[in-house]
Amino acid sequence: MALDTQKVIVQVLAKLTKALDLSVTPEAVISVKKEFALTNGTGANQADKIFTDQRTLAAGVSEDLDLAGVLIDALGDVITFARIKALVVIAAAANPNNIVVGNAAANGFVGPFGAATHTHSVRPGGFYAWGCSDATGYPVTGGTADLLKILAGAGGNHIYDIVIIGASA
């Protein structure tokens, strides 16, 4: 099975204006964009696995997403990531509290967090995203560094979307 060309894009577009005398309104247009394409494979600028899902967690409940041999892709195949190239977590706007990404009790995926115990909070309606296109990516080690913990805050059910793109070798 091949993962066709995909793009990872982060973009910020903004305009800063200021009203002055004589109906003059100077503006500064800000445009920042980072984009990279990944073709099918396991090297630099390549990925061959993708996991996507919308998930629901009850208040205060966590789950460990096993990146090495447990997740199922959209076509029903088991995924074993060796390297992660991109991760996106989007919290539903209606969530009563934050979604916390990271800090699995054991065998935590370190990725961009710096240490297995580090976390990132995603506020309701917010998102967390990172990516890299090099050959190394962020390594996954089955049985020792392969669990991505997701924790729901207090107050009721939390819904989040997740996209994980990576390589099998």
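Me: In this predicted model, what makes E1, E2 and E3 a sheet, and in which order do the strands lie?
Reply: The three strands form an open sheet in the order E1-E2-E3, with mixed pairing. Strand E1 (6–17) and strand E3 (46–47) are its edge strands, since each of them pairs on one side only.

Me: How do you know that E1 and E2 pair?
Reply: Pairing requires at least two bridges between two strands, and 12 bridges join E1 to strand E2 (residues 27–40), therefore E1 and E2 count as paired, and they run antiparallel. Lys15 stands opposite Val29 in E2.

Me: Which strands form the sheet that contains E13, and what is its pairing?
Reply: Four strands form an open sheet in the order E5-E13-E9-E10, and the pairing is antiparallel. Its edge strands are strand E5 (62–66) and strand E10 (119–122), each pairing on one side only, while neighbouring strands of this sheet are turned by 20° against each other on average, direction ignored.

Me: Why are E9 and E13 called paired?
Reply: Three bridges join strand E9 (residues 99–102) to strand E13 (residues 147–152), and the criterion asks for at least two, so the antiparallel pair qualifies. Ile99 stands opposite Ala152 in E13.

Me: Why is Arg55 called buried?
Reply: Arg55, which lies in strand E4 (residues 49–57), has a relative accessible area of 19%, and because buried means under 20%, the term applies to Arg55.

Me: What makes the approach of Arg55 to Glu63 a polar contact?
Reply: The two side chains make this contact at 2.9 Å, and the cut-off is within 3.5 Å. Leaving aside neighbours within four places in sequence, Arg55 is in contact with residues including Glu63, Leu65 and Tyr160.

Methods. Residues are numbered from 1 along each chain as its sequence is written. This is a predicted model: local features need pLDDT of at least 70, side-chain atom pairs count only at pLDDT 80 or more; totals for chains, interfaces and linings use all residues. Side-chain values use heavy atoms; hydrogens and water are left out. Axes are lines fitted to C-alpha atoms, for helices over the stretch in contact, and angles run from 0 to 180 degrees between N-to-C directions. Buried means under 20% relative accessible area, exposed over 50%, partly exposed in between (1.4 Å probe, protein chains only). A polar contact is a pair of N or O atoms within 3.5 Å; within protein, one must be able to donate a hydrogen and the other to accept it, and residues adjacent in sequence count only if both atoms are side-chain atoms. Contact means heavy atoms within 4.5 Å.
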